[in-house]
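Subject: Structure handover

Hello,

Here is the structure you were waiting for. My notes on it follow below.

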Amino acid sequence: MRHKLSFLSAALSLVVAGIVTVSAVAAPDTIKVGILHSLSGTMAISETTLKDTILMMIDAQNKKGGVLGKKLEAVVVDPASNWPLFAEKAAQLLEKDKVAVVFGCWTSVSRKSVLPVFEKDNGLLFYPVQYEGEESSKNVIYTGAAPNQQAIPAVDYLWKEVGVKRWVLEGTDYVYPRTTNKILEAYLLSRGVKKEDISINYTPFGFSDWQTRVAAIKKFGSAGKKTAVVSTINGDANVPFYKELGNQKISAEEIPVVAFSVGEEELSGLDTKPLVGHLAAWNYFESINTPENKRFINQWHAFIKNPKRTTNDPMEAHYIGFNLWVKAVEKAHSTDVAKVLSVLPGTETPNLTGGMAKVLPNHHITKPVYIGEVKADGQFNVVWKSAGLVPGEAWSHYLAGSKDIEADWVTLNCGNYNKVTKKCAGQNYK
Amino acid sequence: MRNNLQWSGQRWLNLLLLALWSTLFLKAASPSDATFLSTLGELREASYSDKESIAERLGKTGHPSVRAVLTALMDDRLYFRNSDQKVFVVKVADADPLSLVDPLTLKSVGSAPADSLTKIGTNNALRRVLRTTVAHFALSSPDVAVRLDAVQDMMHSLDEPTVATLRQRMAVETNASVKKEIATALALATLDGSDPAGKLKAIATLSQSVSGDVRNRLAQLVDKSSDGSYVEGDEKIRKAAAAALASIDWWRNFYSGFETLFFGLSLGSVLVLIAIGLSITFGVMGVINMAHGELMMLGAYTTYAVQSAMPDHIGISIIVAIPAAFVVAGLTGVLMERTIIRFLYGRPLETLLATFGVSLILQQTVRSIFSALNRSVITPDWMSGSLRINDALAITYNRLYIVIFTLVIFSLVLLILRRTRIGLDIRAVSQNRPMAKAMGIPTEWVDAMTFGLGSGIAGVAGVALSQLTNVGPNLGQSYIIDSFMVVVFGGVGNLWGSLIGGMSMGIVNKLLEPYAGAVLSKIFVLIALILFIQIRPRGLFPQTGRSAEDK
């Protein structure tokens, strides 16, 4: 009897010990990393890949022994492409799960939705997608391109190298294309392009009846001056757009289209025949041959167990963001957001395509810029690259409203400082 | 694309002829072979701008296989072997294994795995150079379309040698349209010269053209330069140019108006196509079917499934998909009618809610089977590209076929309703159900068949939509509102009303679009429709008679 009891208690204590050890793994010895990407809904196509990228980075870091001697633990939530839900899930990550850092968001509207939550709870967000600028938050590190790291160099390339004189700015009707086109229009006008040589047009999300628009582009482009289309068309509306260009026989040799939202991932599920020769501007292409990039692609294929999966620009942004965060945490010897934020500006990590990504005082990073032509296999052929690294600008020089505004979280401690009135408006945390 | 097809056939014929020719005459490697090969070899390491000059030098060697090799480079079909750096032309790019062709003799020399060769890449600028270089050779092609394309390519860069080549060709050219095109090109070149009489004659020739290049060149003649003086000193020439310009502009505007009309008709036919099925289920049976869009989506996915099942026959897969989509969507419709809708006749609100639920179920089913991502349906070659009518007007094949397709489907449905037994039954039941029943018509069976017919036609519309838009689970939602609008506008229960209504909505939409933009023009059409319904609540062609009063 006694024997049996002791056996029972031994078994019980084993079970209890098991529970304790299990919870011990999850409790004080790990650092929680939040992942806030849509895993369902319209944006799932693009964002799921980014969730997997961060999981891969965490996995690799844990194999190296984690950070500060602790293992990293991913907390994945699904905001389901629903903008208000982004804010709820962000609050859950920061308040309930108490994550040290969040990697997330894709669309600008989702970022704007979580911004107040991160500022209220003093969280830290790494945002990996190219965006329209005109923002600098204390709690966000922007690892994607600002307009001066993608849109402006692309226009410069077309203007100087291709000799484009007439411009069609074609976009989807929402905040990113509208702001980007406003900056581009101001830039082109400042470069002496006449107003009648710029045509701006917007179409709704998922637009498919492109015949009139493409005929108008053709007409606009037949005025004897070299014409190009700068496309901020987002999402699946791109497919019928390029198809219609092909059907109306507008080749990339006559009227090139440079896109800011079409990358390897978008091309992978698509008939690329009508796209060959059209351009895209990014800070990263899978086809760029560097040892770091090769290693990254191999790591990705091994992690996702599919050698056909492509890599793309926002993935590189997450790669950079994750490495920056790890470096900053090690430098600060803490995961405390205030301490990490104080050492982040100036922190550097290698890009996948050469050069170092450095966090600037305005919470943007330095990036190289590449222009690529679409090849028949869905990859890009790099035809131009920026002379060096381009520092990201939070506020555009070309817009009347933001010309005098500066973001500096090191000396001014302000994301919205007016150099003329010497006042910090809006995002003021003094 | 169409041209490309003829192109490739032509090219292989040429290759064969050249190969024959070279075996007969070029037994031994001549010194020109050596230069040709070494110039070709330079392509391996060269930058894109160097490749341009290499391509031009290759063009000047006059080697018999230059055209084939440069065409191959333009089509991304020029590779070199990694082991010995030897350059090869391949028959089909990106195939594995690649079938190799020797660049000198143009004879097939077996095949090799794709990873043992490296492609010699091109970019836009290089392709532009290649196109004009190749055009010089294509000018002697026996195919009229190839020659026409060649002249048009050459028109973009009219330098001395190009003009000389065109002159030579003009002397021996027999085809009238190619001759006219060469005359235009030569006239354009004359404008750069200094002979005033020649220029006047050239302007007279050019005034017959409607091409944009010609228009721009003439516009330059009447332009003032920055100091206020005219670019062209001779007033007579300026006047002639201005007159020619006015005539060209008139014709170009005329054709652009015609193009807008066609755009309107093509949008209209899409609207009609998506509304025909609904005008049967909603119009004839009075069922508000919110799942109509999803039935179209099923049709589009059927197209995708058929294409996946026969990847080697993309061209006919669309044709096969039409009956397949009709059956899939039709059976789904019959199933819906038998299991849900028949219990809800006479209760429009419940029908609306129930079919809305069905639409969600169908969407989720498709999501579970095919994933939430869009599926890419390939456009067959015969449906891509455009029918070129003249320099100012080209009609895209996919839209043209859809206009024709809509008219065919419309006539078929009309025939079924007017001329067949089932059509008679359908009309009888819809006009007076108790009387039809009294006459021995199995009304329940007729209901199921009617709903099946309407659903099947929605599926067929989905096949057409798969060629115009993205095939995804949400495809139906974006068209359901439009289809109801057409049916209500045209008059419930009237097929002709749907046709006229859809077409006129399409045309008005496209007339407004250049001025108001895509979003606003659609809003204007919607507002106009709401106002119209206020005045004529029963639509364009209301049903008359006792049955209409009962509804």
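Helix H11 (residues 235–284) of chain B packs against helix H20 (residues 495–535) of chain B at an angle of about 145°, with the axes 7 Å apart. Helices (H or I, at least four residues) and strands (E, at least two) are DSSP runs numbered from the N terminus. Axes are lines fitted to C-alpha atoms, for helices over the stretch in contact, and angles run from 0 to 180 degrees between N-to-C directions. The crossing of H11(B) and H20(B) is right-handed, a term used if the near helix is turned clockwise from the far one by less than a right angle, with left-handed for anticlockwise.

Residues of H11(B) in this contact include B:Leu261, B:Phe263, B:Gly264 and B:Gly268, and those of H20(B) include B:Leu499, B:Gly502, B:Met503 and B:Lys510. Contact means that the C-beta atoms of two residues, placed from the backbone, lie within 7 Å. By class, the contact residues are 14 nonpolar, eight polar and one charged. Here Ala, Val, Leu, Ile, Met, Phe, Trp, Tyr, Cys and Pro are nonpolar, Asp, Glu, Lys and Arg are charged, and the others, Gly among them, are polar.

This is a predicted model, in which local features need pLDDT of at least 70 and side-chain atom pairs count only at pLDDT 80 or more, while totals for chains, interfaces and linings use all residues. Residues are numbered from 1 along each chain as its sequence is written, and chains are lettered from A and ligands numbered from 1 in the order in which they are written.

Chain B also has a run of antiparallel strands. Strand E1 (residues 78–81) of chain B pairs with strand E2 (residues 87–90) of chain B over three bridges; pairing requires at least two bridges found by DSSP. Five residues lie between the strands of this hairpin, and B:Gln85 there has a positive phi near 60°. E2(B) also pairs in the antiparallel sense with strand E3 (residues 98–101) of chain B, over two bridges. B:Val89 in E2(B) stands opposite B:Leu78, and B:Val89 also stands opposite B:Val101 in E3(B).

In chain A, five strands form an open sheet with parallel pairing, in the order E2-E1-E3-E4-E5. E2 and strand E5 (140–142) of chain A each have a single partner strand, so one side of each has no neighbour in the sheet. The twist averages 25° from one strand to the next. Strand E4 (residues 125–127) of chain A runs parallel to E5(A), joined by three bridges, and A:Leu125 stands opposite A:Val140 in E5(A). Helix H11 (residues 313–332) of chain A packs on the sheet and touches E3, E4 and E5 of chain A, at about 175° to the direction of E3(A). H3(A) lies across strand E1 (30–36), E2 and E3 of chain A, at about 180° to E1(A).

Two loop residues of chain A have positive phi. A:Ala80, with phi near 55°, is in the loop between strand E2 (71–77) and helix H3 (83–96) of chain A. A:Ala80 is partly exposed because it has 15 C-beta neighbours inside 10 Å. The cut-offs, with C-beta atoms placed from the backbone, are 20 or more others within 10 Å for buried, 12 or fewer for exposed, and partly exposed in between. A:Lys98, with phi near 50°, is in the loop between H3 and strand E3 (101–104) of chain A. A:Lys98 has 12 other C-beta atoms within 10 Å and is therefore exposed.

Regards
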